[in-house]
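Here's a quick briefing to read with the structure open beside you. Take the topics in any order you like.

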Amino acid sequence: MENCTEKTPLLSQKSTSGTTAHVQRPVQQVDLNDLTRYQYRESGVGRAVKEKLSSCDPKSCLLSTVPILEWLPRYRWKNIPGDFASGLTVAIMHIPHGMAYALLGNLPPVAGIYMAFFPALVYVLLGTSRHVSMGTFALVCLMTGKVVSQYSHKGSAGNATLPNGDDVRYTPVQVATAVTFTVAAFQMLMYVFRLGIVTKLLSETLVNAFTCAAAFYVVISQLKDLFGLVVPKRTGIFSLVLTLYDIIISLPSANVAAVVMSALFITVLVINNEILKPILARKTKIPFPIELAAVVIGTGVSYGVGMKERYELNTIGHVPTGLPQPDLPPLALLPSIAMEAFVITMVSYTISMSLALIVAQRARYNVDANQELLALGFSNLCGSFFSCMPITASLSRTMIQYTVGGVTQLASVVSCVIILAVLLWIGPVFETLPKCVLASIIVVALKSMLLQFLSLRKYWVLSKWDGAVWLVTFFATTILSIDYGLLAGILISLFSMFVQGQRPDACLMGVVPGTDLYLDTRHHEGIEEVEGIKIFHYSGSLNFASNDAFKSMLFSLTGLDPFSMKIEEHSTKSIILDFPAVAYIDPSGVETLRSVIRQYTQLDVSVYICSCSDRVFEALKKCSDKSDQFAIFPTVHDAVLHSQSSFVERDV
């Protein structure tokens with residue numbers, strides 16, 4: 001191994017403005033670090049604790065924990081018209097969305113209205129996004145409804161078995177609030193441990209496939225209401241396939257009135273979305289509230305004709321007025337639903353955070369990922385006491401809140417005030433609303449999610465691994481279940497990352513004549529290799545899993561395999577390992593380097609390392625001692641100059 005104890009001369013002088021270093025090249029990395037007073041990094045925990053303690057300021061901590069205390073005093077009153085208009089529009093959307101998506105969760109329609117008030121109001125205090133509209137979201141409500149069906153006494157399971165072996169019967173609302181409470185607990189734990197980054201496990205490809213599959217789940221779950229059918233609730237593996245089978249064999253007994261009403265409302269909604277909405281969008285930012293119009297018209301027609309009595313049409317039934325009494329969720333149920341709640345936590349946070357980042361990028365402000373965990377955690381905690389399911393940001397409502405002119409979360413306050421009026425006085429008006437109307441609203445709203453199936457071509461062209469992740473996630477979700485589908489998607493994503501991460505890239509570098517620029521010899525014909533020197537550029541990690549690949553590429557590209565018995569006469573005097581794209585090296589990778597360098601030394605070939613990151617440099621230093629050091633240079637050119645000067649010394 002090259003001995004680095006002899007230092008290259010470095011000159012420095014002081015000036016009135018500070019210290020100016022004059023470096024005589026070639027220079028080694030260790031000497032350059034000494035001159036520039038390089039500070040070695042402390043351990044991760046120690047550094048984090050020191051940074052936290054040094055930046056600890058009670059006022060800033062309070063403002064960062066309760067963001068409304070920072071932005072409300074600086075609120076610009078000229079933004080009131082935009083916030084009021086967007087709040088009014090979003091409130092109008094909340095009413096049909098809330099009632100429709102509450103049915104997905106197997107809860108009374110009023111529960112969806114509660115979700116637009118209690119947790120949404122808490123988010124205003126703690127959230128960092130100025131535009132997301134919190135409340136019901138089809139996928140999360142569906143996932144919660146799956147748990148409700150399994151553990152409530154109205155579900156197929158009938159009861160929940162507690163850890164002590166007792167069977168307890170729960171109402172659907174109790175199960176839903178237990179899920180919400182557990183989701184809140186997970187989100188707060190993630191906030192404490194700063195785990196907002198864990199959602200990176202859910203790649204764009206995975207989320208696209210998962211939400212597309214979930215949209216099929218939602219549509220099929222609504223077919224019974226669209227056709228006025230009575231079918232058994234299916235849970236567990238293959239529930240989607242079995243539900244579709246039940247619907248098909250029950251079609252002969254479909255309710256004609258429900259079919260006709262569903263067809264009419266779906267047609268009107270589609271015409272509005274595809275034809276009328278684009279025309280209206282060119283004239284005003286405020287969209288026509290077609291969903292609310294459908295709810296009002298459906299309620300009026302049903303009441304006037306007497307659809308329930310004359311045609312046996314299912315309606316949403318009793319809608320209570322006033323606010324619900326706070327009630328503690330059944331804590332004994334939490335261990336039984338912990339796994340399902342964790343999956344819901346990941347999905348809801350990923351969707352909410354993605355929407356928050358999208359809108360924040362457009363409006364040019366920042367969103368704190370960990371603060372969002374705290375905001376969602378407290379919002380769900382509050383909601384769990386008031387008959388709410390876990391809340392999530394809605395894409396449609398969020399984009400309306402942004403495009404209509406909303407500037408701050410004051411728009412959500414306006415929305416909550418209107419929702420409060422609905423809860424106190426207006427709710428019973430919708431008691432005669434047919435369920436098939438809400439099912440029609442849900443199905444039409446899911447069009448964009450269903451069309452995500454067309455994204456498969458894009459992902460497949462981009463990468464066969466991305467295509468495989470999409471296919472596995474989609475079919476595992478639709479054929480098996482939502483939980484197994486998400487798990488399968490995460491596993492195949494991690495596997496693809498591991499496989500692709502262990503396929504590093506490498507090339508030989510040549511110099512642009514007359515310069516100190518070094519480029520890939522595979523793609524640049526106008527460059528030439530430096531005589532007697534092989535410059536090996538390596539991209540990827542160097543660890544126990546990639547050591548063999550590193551050695552194989554090194555030996556193949558340089559034409560020198562020191563472990564082979566068939567080494568012929570060669571003209572290579574030194575090999576330079578160019579490591580700017582090496583992000584990580586572990587002890588086994590360092591030992592591999594040490595072994596390779598020793599073998600090359602026996603062939604009278606010097607080996608130098610250059611352009612490594614601080615992290616890699618420190619790892620190499622920690623794994624070597626004074627008598628056995630790596631020769632490390634800051635740039636390729638420094639290593640080349642050192643190699644050429646060594647050639648002269650050898651010849652002399």
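What follows covers confidence, the nonpolar cores, some loop residues, a surface patch and the salt bridges.

This is a predicted model, so local features need a pLDDT of at least 70 and side-chain atom pairs count only at pLDDT 80 or more, while totals for chains, interfaces and linings use all residues. Residues are numbered from 1 along each chain as its sequence is written, and side-chain values use heavy atoms, with hydrogens and water left out.

**Confidence**

- The average pLDDT (the predictor's confidence in each residue, from 0 to 100) is 86 for the protein, and 89% of the residues score at least 70.
- Residues 2-8 are a stretch to treat separately, with pLDDT below 50. Beyond near neighbours in sequence, this stretch still has 19 contacts in the model, a contact being heavy atoms within 4.5 Å.

**Nonpolar cores**

- A nonpolar core here is a set of buried Ala, Val, Leu, Ile, Met, Phe, Trp, Tyr and Cys residues joined through side-chain atoms within 4.5 Å. Buried means under 20% relative accessible area, exposed means over 50%, and partly exposed is in between (1.4 Å probe, protein chains only).
- The largest core has 116 residues. Those with the most contacts inside it are M99, L139, M143, V347, V437, L438 and L486.
- Helix α15 (residues 334-363) supplies the largest share of this core, at 14 residues. Helices (H or I, at least four residues) and strands (E, at least two) are DSSP runs, numbered from the N terminus.
- What does V437 touch, leaving aside its neighbours within four places in sequence? V437 is in contact with M261, F265, A294 and G298.
- Another core, of 29 residues, lies apart from the largest one. Its members include A506, V616, A619 and I632.

**Loop residues to look at**

- F238 isn't a glycine, yet its phi is positive, at about 65 degrees. F238 sits in the loop between α10 (204-226) and α11 (239-250), and it counts as partly exposed because its relative accessibility is 41%.
- R364 also has a positive phi of about 65 degrees without being a glycine. You'll find R364 in the loop between α15 and α16 (369-384). Its relative accessibility is 79%, so R364 counts as exposed.
- Q325 belongs to the loop between α14 (307-311) and α15. With a relative accessible area of 67%, Q325 is exposed.
- How far apart are Q325 and S387 in space, C-alpha to C-alpha? The answer is 9.0 Å, although the two are 62 residues apart in sequence.

**A nonpolar surface patch**

- I237, F238, V241, L242, F475, I479, Y484, L487 and L491 make a nonpolar surface patch of about 800 Å².
- Patches are made of residues with over 30% relative accessible area and no salt bridge; like charges are joined within 9 Å, and nonpolar side chains (Val, Leu, Ile, Met, Phe, Trp, Tyr) within 5 Å. Accessible areas come from the Shrake-Rupley method with a 1.4 Å probe, and for residues only the protein chains shown count as cover.
- Two or more patch residues come from each of α11, α22 (464-480) and α23 (482-501). α23 gives the most, with three residues.
- I237 lies in the loop between α10 and α11. I237 counts as partly exposed because its relative accessibility is 39%.

**Salt bridges**

- Side chains of opposite charge can pair when their charged atoms come close. The structure holds nine salt bridges, each being a side-chain nitrogen of Lys or Arg within 4 Å of a carboxyl oxygen of Asp or Glu.
- E70 pairs with R74, with 3.6 Å between the closest N and O atoms. E70 is partly exposed at 38%, whereas R74 is exposed at 60%.
- K224 pairs with D225, with the closest N and O atoms 3.5 Å apart. K224 is partly exposed, with a relative accessible area of 25%, while D225 is buried at 11%.
- R234 and D246 meet at 2.7 Å, N to O. This pair links distant parts of the chain, 12 residues apart: R234 is in the loop between α10 and α11, and D246 is in helix α11.
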